[in-house]
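Here is a short briefing on one protein chain.

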Amino acid sequence: MIKLESDVLVIGAGGAGMFAALAAAQAGASVNLIDRSLIGRGGATIMAQMTVAVAVGEQCPDHWEHHLADTLTAGRGLCDVNLSRLLCEDGPTRIRQLDEWGVGWAREDGHMKQAHAPGHDRPRCVYVDFLNTGPAVSRTLRTQLHRQDGIQRIGDVLITDIAMHDGQAVGAEGWHLVTGETVSLRAKAVIIATGGLTRLYARNSASSNMSGDGFSLALRAGAELSDMEFVQFFPIGHLAPRMIGMDPIMWDPFRYKLGGRLTNADGEEFAERYGKTETGNYVLTRDQATYAIFKEVEAGRGSPNGGAWLGFDHLPESDLRAAFGPVIDRVAKNGIDLTRDRIEVAPIAHYHMGGIRVNTQMETGVPGLYAAGEAVAGANGANRLSGNAITEALVFGQRAGEAAARHAKAIKSHAPAPLPGAASVIAPDSRADAPNLAAMMLSLQQLMNDKVGPFRTGDKLIQAQSALAAMQQQLGERPFGHGGGWDAQRMDWYDLRAMLISAQAVTTAALAREESRGAHQREDFPGMLEPWTVNQVMRLHGDQLQLRRVAVAEAA
Ligand SMILES: Cc1cc2nc3c(=O)[nH]c(=O)nc-3n(C[C@H](O)[C@H](O)[C@H](O)COP(=O)(O)OP(=O)(O)OC[C@H]3O[C@@H](n4cnc5c(N)ncnc54)[C@H](O)[C@@H]3O)c2cc1C
């Protein structure tokens, strides 16, 4: 068994985890930063290609209060205003900090360029051209990790459980994917920064690490989740023709720059039918555009592969080249000539508004347990604005790191070793009736796509619940596999455990919410209903998820 100890343990090394580790170390704490992938190269942050929303007011006057107003409007009444405010107020500081660290925000006349994304009242989104925002943010944070003393970076460790002692989080346990060895990490404070859950869906923009591990860790440690029904579908995910080596959500930044035309099979720009006029601009928010495309397809006006057409072919080639830069040639290598070809796009699971319930210190309510980044709920309510997720990861990561370091300082000594349950993490268990885990994973993803997608009905959700319960039964209580290095079966078992509980949380909350709001649309309960301006909070009792409604937090 590998045993490690630190003041603060950070689980997940995306934008939130790296920022948390830096902040905790700067506050004097020793930090273990753990990731199931390579440090700073797993999860969503490095994949983000677009923009970061922040009221730096470089190209036109702005103030964080305007950003907050837009965030609250998009959140459809369900934002925790204190978390949203933290995101908007602190965002500019984090973005300027990254600027000082050399991230390379795109500039014009010395000012950071700011794109105008749907739902924002003005150009507010900074970026690194071309399609390099996430890679640049990750690279910059990785460099800072190297420069900062007190941070031990450990990749290829899959955390499976939070270690608890006397009701407090005192570390975590997991296994080293390369050797299969058990890993036991003691800490005075633990931060979950494991990102989202969009891998639950067959059509997703996720990496293979986004299985909802943090939600499963938090629930089993006694923390609460909130707003789990709100899964954001990105409306214009690439659908056809096939592209290799490109991000499926790559079209958005070019729509910010160029507008572009979103049309149906009849060549009509259809946004107007859903209450907005686009005519070559880009104004539909993500939930509105997802709704509009689904409805066009349902009405028989979809593109051949079941989406909508997106075209830039009405624009001069010089404009295309200026906006796309070298990307136009990468697209051309995939056989798409944007000066004349349109492409097909359709909604794709992309981000999770729900997550671990925290306060503005990123405390989960379980002493010693903190959370940050996409893993937390609250700041974005029922629908997230473009660009808010990276800001959320950076701002909340910083806050969690500082708060966890303070907590750790106040604790004199570590909880006694060995940590409870650590030795059992990878006990091999060869089952004669072992299910085919890879096949189960595909069925789970298809089930979530078909029954718990952006458009839901009570019947479909009930069917999903019983299918998920059957899968849970099939998975069983004990992991299995050969127990050595790169044990794919054991990894799938843990992924499925996290995916199943996360899927159950989404489905349970979606079934209970009998209205349509933001990213949660119930075909049997159309329209937003005032009594449902509440958050749904859940925790685990035994093996059952218990749900309760709580009033939306008011400004402190
Ligand atoms: C393709 C794509 C493009 C996007 N583009 C944008 C954009 O342009 N602008 C924007 O604002 N947002 C964008 N988003 C959303 C945004 O990138 C994420 O919300 C944000 O980066 C999340 O940061 P995070 O640190 O919370 O999580 P992540 O960056 O996802 O990091 C989580 C880390 O936790 C690790 N981990 C998970 N489980 C475990 C475990 N059990 N044990 C150990 N480690 C674990 C993962 O390996 C990963 O490294 C995009 C998302 C995607 C998928």
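In what order do the four strands of the open sheet that holds β12 stand? The order is β12-β15-β14-β13, with antiparallel pairing. The model is predicted: local features need pLDDT of at least 70, side-chain atom pairs count only at pLDDT 80 or more, and totals for chains, interfaces and linings use all residues. Residues are numbered from 1 along each chain as its sequence is written, and side-chain values use heavy atoms, without hydrogens and water.

**Confidence**
- Mean pLDDT (the predictor's confidence in each residue, from 0 to 100) is 94 for the chain.
- Of the residues, 97% reach 70 or more.
- Helix α6 (residues 251–258) has the lowest confidence, at a mean of 88.
- Strand β17 (residues 369–371) has the highest, at 99.
- Helices (H or I, at least four residues) and strands (E, at least two) are DSSP runs, numbered from the N terminus.

- Strands count as paired if DSSP finds at least two bridges between them.
- β12 (231–240) and β13 (261–263) are the edge strands, each with a single partner, so one side of each has no neighbour in the sheet.
- On average, neighbouring strands here are turned by 40 degrees against each other, direction ignored.
- β13 and strand β14 (residues 308–311) run antiparallel and are joined by three bridges.
- L262 stands opposite L310 in β14.
- Helix α6 packs on this sheet, touching β12, β13, β14 and β15 (343–352).
- The direction of α6 makes about 90 degrees with that of β12.

**Sheet β16-β11-β20-β21**
- This open sheet also has four strands, and the pairing is antiparallel.
- Its edges are β16 (355–356) and β21 (544–551); each has a single partner strand, so one side of each is left without a neighbour in the sheet.
- Two bridges link strand β11 (residues 225–226) to β16.
- L225 has I356 in β16 as its bridge partner.
- Eight bridges join β20 to β21, and Q536 is paired with R549 in β21.
- β20 and β21 form a hairpin with two residues between them.
- In that turn, G542 has a positive phi of about 60 degrees.
- Helix α13 lies across β11, β20 (534–541) and β21, at about 45 degrees to β21.

**Helices α11 and α13**
- α11 (residues 437–451) and α13 (residues 488–512) pack at an angle of about 20 degrees, with axes 10 Å apart.
- That makes α11 roughly parallel to α13 (angles under 35 degrees count as roughly parallel, over 145 as roughly antiparallel, 65 to 115 as roughly perpendicular and the rest as oblique).
- Axes are lines fitted to C-alpha atoms, for helices over the stretch in contact, and angles run from 0 to 180 degrees between N-to-C directions.
- Contact means heavy atoms within 4.5 Å.
- Contact residues of α11 include L437, M441 and M448, and those of α13 include W493, L500 and V506.
- By class, this contact has twelve nonpolar, three polar and two charged residues.
- Ala, Val, Leu, Ile, Met, Phe, Trp, Tyr, Cys and Pro count as nonpolar, Asp, Glu, Lys and Arg as charged, and the others, Gly among them, as polar.

**Helices α1 and α10**
- The axes of α1 (residues 15–26) and α10 (residues 388–409) come within 7 Å and cross at roughly 35 degrees.
- Among the contact residues are G15, F19 and A23 of α1 and G397, G401 and E402 of α10.
- This contact comprises eight nonpolar, four polar and one charged.
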